[in-house]
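Hi everyone, thanks for coming. Let me put the chain up on the screen, and then I'll walk you through it.

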Amino acid sequence: MRKLWSSTLALLAAGGLSVTVSPAIAEAAPPNFRIGIQLADNGGRGGFGVEQFTGFANFGTSVSQWAGDSNNFDPDGARIDLNPAFGGGQLNQIDFRIGGQARDRGRELGPVTYTPWASQGGGTTDLITDSNSFDPDQYRLFLETRPLPPGVQITDLRLSILAVDRGEPEGVPTFTRWASQGGGQSDFALDANAFDPDGFRIGLEVV
């Protein structure tokens, strides 16, 4: 986290995430961005589905289309994408949080679950899964925005994704690069046996 001569507020959230508050000094804002998700089968090595994206943050709250693997059935892994706008300038004075939702067989919808707001330090979602918490087929992302609270400044962000399966230990979270480094896709997140996770958790880390 950048050190500023003005007072700073460190809000500790899941994974040691923090946000800097600086009413006196303005640092560069992160680029305008959207987020994407791609699913895969065969232990994350094949059966790739079409990546689906939200809209860009500067245009307000948005939701992606449903994403699945190549046959829209029981994907093995997912990767998250922090996708800056090419030539799109900086993020406006916008607060944001990331959400996800899962469904099975096109109808068994799970709840939408969100990270904490960026201005609160970010953090991770609850488990993104379908209505019976078992082997969802498809996922979609939500990017919710609101005005940034006075005195709060966000200078950088990255995303993570973690696969979870009830019968196996959790997998290892995979991360995008920081927005200041160009963002991009994470590696595929897999559970311990790289087969049919029951859901994913998405993380938002900010400075």
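**Rings, strands and a core**

Let me start with a contact I like: Arg-97 lies over the face of Tyr-114, 4.0 Å from the ring centre. By that I mean that NZ of Lys or CZ of Arg is within 6 Å of the ring centre and within 35 degrees of the ring normal. Arg-146 does this with Trp-117, lying over the ring face at 4.0 Å from its centre.

A word on what you are looking at: this is a predicted model, where local features need pLDDT of at least 70 and side-chain atom pairs count only at pLDDT 80 or more, while totals for chains, interfaces and linings use all residues. Residues are numbered from 1 along each chain as its sequence is written, and side-chain values use heavy atoms, with hydrogens and water left out.

Now the overall picture. The chain has zero helices and 15 strands; these are DSSP runs numbered from the N terminus, helices being H or I of at least four residues and strands E of at least two. Of its 207 residues, 55% are buried, which is to say under 20% relative accessible area, with exposed being over 50% and partly exposed in between, using a 1.4 Å probe and protein chains only. Taking contacts between residues at least 6 apart in sequence, 71% join residues at least 24 apart, where contact means heavy atoms within 4.5 Å.

On to the strands. Four of them form an open sheet in the order E3-E2-E5-E14, with antiparallel pairing; strands pair if DSSP finds at least two bridges between them. E3 (52–53) and E14 (184–185) stand at the edges with a single partner strand each, so one side of each has no neighbour in the sheet. Inside that order, E2 (residues 33–40) and E5 (residues 77–84) are paired over eight bridges, and Gln-38 stands opposite Arg-79 in E5.

Please also look at E10. Ten bridges join it to E6, and the two run antiparallel; E4 (residues 62–63) pairs with E10 too, antiparallel, over two bridges. Phe-142 in E10 is the bridge partner of Gly-99 and stands opposite Val-63.

What about the aromatic rings? There are four aromatic pairs, counting rings of Phe, Tyr and Trp (its six-membered ring) with centres within 6.5 Å; planes under 30 degrees apart are stacked, over 60 edge-to-face, and the rest tilted. Phe-33 and Phe-96 have ring centres 5.0 Å apart and planes at 70°, so this pair is edge-to-face. Phe-33 sits in strand E2 and Phe-96 in strand E6 (residues 94–104), 63 residues apart, and both are buried. Tyr-114 and Phe-142 make another edge-to-face pair, at 6.3 Å between centres and 65° between planes. Since Tyr-114 lies in E8 (residues 113–114) and Phe-142 in E10 (residues 138–147), this pair ties together parts 28 residues apart in sequence. Tyr-114 is partly exposed at 25% relative accessible area, whereas Phe-142 is buried at 14%.

Which residues touch the most other members of the largest nonpolar core? They are Phe-33, Phe-96, Leu-157 and Phe-200, out of 32 residues. A core here is a set of buried Ala, Val, Leu, Ile, Met, Phe, Trp, Tyr and Cys residues joined through side-chain atoms within 4.5 Å. Elements giving two or more residues to this core include E2, E6, E10 and E12 (157–164).
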